[in-house]
Every structure is written in C-alpha cells, then in structure tokens.
Amino acid sequence: MNLFTPLSWNDAGFILTGILNTVYISVIAIVVGSLLGLLIGFIRAESNKTVNVFLGAVLDVLRSVPLIIQLILFSTFIGVMGFPLPPFVTGSIILSLYTMAFMSEVFRSGFNSVPVSMVKASRSLGMNYLQTVRYIRIPIGMRAVFPSWIGVALSVIKDSALVSVIGYMELLRTAEQLISRTQQPLMILIGVGLFYFMISYPLSRYGKYIERKMEI
Amino acid sequence: MDNYEFHWNVVFDAFPQLLTGAFTTVHVSVLSMLVGIIIAVLLALGKMSETKVFYHIANIWIEIARNTPALFLIYMAYFGLGAYGIHLSPYVSVFSALVFINAGYLAETFRGGFQSIPKTQYSAAKSLGMNNIKVYRYIILPQMFRRIYHPMTNQFVWSILMSSLGILVGMNELSGETQRLQSTSFRTLEFFMVAAVMYYVITKLVLLAADLIAKKVFKGEIS
C-alpha cells in the first residue's frame with residue numbers, strides 16, 4: 001500500500017489559493033500598516049519629547065519581540081478572552097501592527113527631512129496648517145523615504161510567511177501540507193522560493209534604481 | 001477574561017528550562033553572526049571582483065538571501081536537503097539558514113561601507129608613504145568599521161528574533177522550548193508572555209552592550 005500520492009495538476013488550485021492568500025494578507029498589512037504608520041510618524045514628528053519617548057517605547061516592543069511570538073500570543077489571548085477570530089483576521093491585525101511599527105519610523109524621518117524653510121515659505125504663501133501638511137510635507141517628505149518604504153514592504157511580504165503558525169493557509173503552509181502528502185520536498189520548496197523571489201527581486205531592484213536616481 | 005485564571009507557578013518552575021532555551025537562542029545567533037561575517041567578507045570581495053565567476057556566485061547568493069523568507073530557507077535546509085539524503089538536525093538547519101541570510105545581508109553592508117570611503121583617502125595615505133597593509137589597517141578599515149557598526153548590530157538583533165522560527169522545526173531554543181513546555185502544561189498564554197518578555201530583554205541587553213562598546217571603541221565620534 002502506498003500512503004503517499006505524487007504531485008499532480010489537481011494541486012495547482014491548492015497552491016494558487018496559497019499564493020492568493022499570501023498576496024491578500026501582505027497587501028492588507030502593507031496598506032493598513034502604511035496608513036497607521038503615516039499617522040504615527042506624523043504624530044511623532046510633531047509632538048514633544050515626552051509623547052515621543054512614550055510612543056517610541058510602545059512601538060519598540062513590537063519591533064523587539066519576534067513576530068511569531070506576537071502572533072501566537074495574540075491569537076491565544078483573544079481565544080482566552082472569549083472572542084476567537086479567524087486566523088486571517090488575527091494575522092492581518094498583528095502583521096499590520098508590526099508593519100506600522102517599522103513604517104512609522106520611515107515616515108517620521110520623511111517628515112523630518114522636509115526643510116523648515118520650505119514649510120515656512122508655504123505658510124507665508126497663505127496656506128493653513130493642514131494645507132501645508134497635505135501639499136508640502138506629505139508629498140516632499142514621502143518622496144524622500146520611498147526606497148525605505150519599499151524595503152519595509154518587501155520585508156512584510158517575506159514575514160507574511162510566519163502567519164502560517166496560527167493556521168492561515170498561505171503559500172508556505174500549503175507547500176508544507178503538500179510536502180507531507182507527496183514527500184517531494186525539494187521540488188515544491190524550490191517552486192515556492194521562486195515565487196517569493198519573483199515578487200521580491202524586481203521590487204528590490206526598483207527600490208535601488210529609485211535610490212540611485214534620487215542621489216544624483 | 002473573568003473565567004481565565006493565570007497559573008504562574010508552572011512557568012516559574014520551568015524557568016531554568018526557559019533560560020537554557022534563551023541561552024541556545026543567543027548561542028545560535030552569535031555563532032551564525034560570526035560565520036556569517038566571515039562568508040560576508042568573501043561575498044563582498046566576490047561582488048567587487050573583476051572575475052565573472054566570483055561575481056556571479058556572490059551575486060546569486062546575496063540576491064537569494066535577501067529576496068526569500070527566512071522560514072523558506074529554514075524549511076529548505078530542514079526538509080529540502082532531506083531529499084538528497086542530508087538530514088540536518090533542527091539546530092543545524094536553523095543555524096545554516098541564518099548563516100546564509102546573515103552572509104547575504106552583511107555582504108551588501110560591507111560593500112556599501114567599503115565603497116563609501118573616498119578613493120582620495122587611499123591616495124593620500126599612499127602619498128604619506130604607507131604600504132598597502134598599513135593603508136588598510138590604519139586608514140580604510142577603521143573608517144569602514146565605524147560605518148558598518150550599526151547595520152551589524154541590527155543584523156545581530158534580527159538574527160536573535162529570527163532564530164525564533166526554530167519553533168517550526170522543533171529546535172530547542174527559547175520559543176521552541178516554550179512551545180514544548182506549554183504543550184505539556186496547557187498554560188500557553190503565560191508561557192508565551194514570559195518568552196516575549198525574555199526576547200525583549202535579550203534584544204535590549206544586546207543593544208545596550210553594542211552602545212557601550214561603540215562608546216568605548218569609537219570614543220564618541222561615531223557617525
């Protein structure tokens with residue numbers, strides 16, 4: 001009797017689900033994380049030292065505890081509280097917060113990179129505070145940190161593989177299940193690796209290209 | 001929350017095991033960092049070399065390390081190499097994956113640091129009568145080390161955090177040990193809370209030590 005069945009074309013749909021799930025959760029984490037990070041980064045660039053130290057300490061926890069521990073801890077915690085959520089929601093929340101912690105640093109340095117004279121000039125042109133933020137500080141500050149933003153986004157795509165620990169069926173987990181059924185680890189893993197590489201490599205090249213263009 | 005009772009005693013009883021796990025975490029990250037640095041120097045030299053073969057080997061290594069998830073590389077070492085009959089223990093597979101990634105990232109750091117030193121520094125040292133060894137020993141490498149010091153500490157912290165992936169291949173570092181302990185006692189929340197605190201403390205201690213060393217070595221003139 002043979003316990004293992006070889007890889008077949010029927011598995012293509014299964015792998016595709018994994019790919020789509022990886023893309024979904026990465027996109028959600030990057031979008032939500034960037035928006036929250038923009039807000040937090042702005043608050044940190046604007047506020048005084050006391051608020052900054054407090055915010056920094058909170059964000060630091062998110063960066064100093066491994067993502068995998070955060071995921072397990074949070075999903076256990078909400079289970080204990082009596083509000084168990086599906087793995088997708090739990091994963092999105094934690095991955096977004098994790099992204100936010102990194103993005104807020106990126107955006108904060110973006111806001112700080114806008115010269116004060118430029119802000120003053122825009123105020124003297126009759127813009128109010130919000131207009132200065134909307135038309136001067138966000139466009140100019142964010143352009144300066146765009147390469148770093150790409151770097152963080154890439155690391156989020158790669159870290160999204162960790163959401164598999166709480167049971168979300170992303171690419172690496174589908175691969176793992178296929179491996180335990182087919183016992184063909186090498187072929188499946190190389191395919192998975194190629195997929196990540198094909199997303200990540202062009203983006204990182206693009207980031208480097210932009211960086212070089214901005215230096216000149 | 002009202003119907004959950006925390007049982008900390010189990011965790012306190014298991015604290016020595018957690019500390020052993022933490023030691024393994026630090027151990028594997030330090031070791032992977034040291035080996036990673038050695039390979040990274042070779043890769044950086046390869047990436048800057050004129051010989052096409054060295055350049056391509058270094059380039060492929062660096063790009064794979066930078067553009068694939070750490071978990072994928074750990075699985076590759078643990079399950080993938082098994083297909084060739086090479087069965088690595090969990091420790092060795094996590095270690096080799098970390099070495100692979102550290103080498104890839106650090107190689108780019110080293111190359112960037114080296115290229116950020118102006119060529120004029122080299123010429124000036126030469127014109128003062130220094131030979132090649134002295135130029136590198138006294139002029140180029142000290143300046144370079146200052147610039148790559150912070151990226152290197154960041155990479156070290158990253159290694160500590162990423163060694164937590166050992167939990168998925170059954171390695172007995174801090175998170176793997178936590179997983180094992182909670183599976184026999186069912187105090188998942190308590191155990192992982194303690195593990196999170198321990199990771200936080202370890203990273204903070206590493207950063208503190210790095211700052212102290214930087215103050216001592218660079219005497220406050222770190223860029």
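Colleague: At what angle do helix H5 and helix H7 of chain B cross, and how far apart are the axes?

Modeller: In this predicted model, the axes of H5(B), residues 90–115, and H7(B), residues 132–162, cross at roughly 165° and come within 9 Å. Angles over 145 degrees count as roughly antiparallel, and H5(B) and H7(B) are therefore roughly antiparallel to each other.

Colleague: Which hand does the crossing of H5(B) and H7(B) have?

Modeller: The crossing of H5(B) and H7(B) is right-handed.

Colleague: Which residues meet there, from H5(B) and from H7(B)?

Modeller: H5(B) contributes residues including Leu98(B), Tyr105(B), Leu106(B), Phe110(B) and Phe114(B). On the H7(B) side, those in contact include Met144(B), Arg147(B), Ile148(B), Pro151(B) and Met152(B). By class, the contact of H5(B) with H7(B) has 10 nonpolar, 5 polar and 1 charged residues.

Colleague: Turning to chain A, how do H3(A) and H4(A) pack?

Modeller: H3(A), residues 67–81, and H4(A), residues 87–113, pack at an angle of about 135°, and their axes are 10 Å apart. H3(A) and H4(A) are therefore oblique to each other, and H3(A) passes H4(A) in a right-handed crossing.

Colleague: And what is in that contact between H3(A) and H4(A)?

Modeller: Leu67(A), Gln70(A), Leu71(A), Phe74(A), Ser75(A) and Ile78(A) of H3(A) meet Thr90(A), Gly91(A), Ile94(A) and Tyr98(A) of H4(A). The contact of H3(A) with H4(A) divides into 6 nonpolar, 4 polar and no charged residues.

Colleague: How many helices and strands does chain A have overall?

Modeller: Chain A has 9 helices and 0 strands. Its C-alpha trace spans about 80 × 45 × 25 Å along the principal axes. Of the 216 residues in chain A, 36% are buried. Among contacts in chain A between residues at least 6 apart in sequence, 79% join residues at least 24 apart.

Colleague: What about H8(A): how does its reach compare with the expected value?

Modeller: H8(A), residues 171–182, has 12 residues and reaches 16 Å from its first C-alpha to its last, close to the 16 Å expected at 1.5 Å a residue.

Colleague: Which residues of H8(A) are buried, and what covers the buried residues of H8(A)?

Modeller: The buried residues of H8(A) are Leu171(A), Leu172(A), Thr174(A), Ala175(A), Glu176(A), Leu178(A) and Ile179(A). The cover includes H1 (11–46) and H9 (185–215) of chain A, together with H4 of chain B.

Colleague: Is Gln183(A) buried, exposed or partly exposed, and why?

Modeller: Gln183(A) has 16 other C-beta atoms within 10 Å, so Gln183(A) is partly exposed.

Colleague: Which loop of chain B holds Phe186(B), and what is the phi of Phe186(B)?

Modeller: Phe186(B) is in the loop between H8 (174–185) and H9 of chain B. Phe186(B) has a positive phi of about 65° and is not a glycine. Phe186(B) counts as exposed, with 11 C-beta neighbours inside 10 Å.

Definitions and conventions. Residues numbered from 1 in each chain as written. Chains lettered and ligands numbered in written order. Predicted model: local features only at pLDDT ≥ 70, side-chain atom pairs only at ≥ 80, totals over all residues. Axes fitted to C-alpha atoms, helices over the stretch in contact; angles between N-to-C directions. Helix = DSSP H or I, 4+ residues; strand = E, 2+ residues; numbered from the N terminus. Parallel < 35°, antiparallel > 145°, perpendicular 65-115°, else oblique. Left-handed = near helix turned anticlockwise from the far one by under 90°. Contact = placed C-beta atoms within 7 Å. Nonpolar A, V, L, I, M, F, W, Y, C, P; charged D, E, K, R; others polar. Buried ≥ 20, exposed ≤ 12 C-beta atoms within 10 Å, placed from the backbone. Expected span 1.5 Å × (residues − 1).
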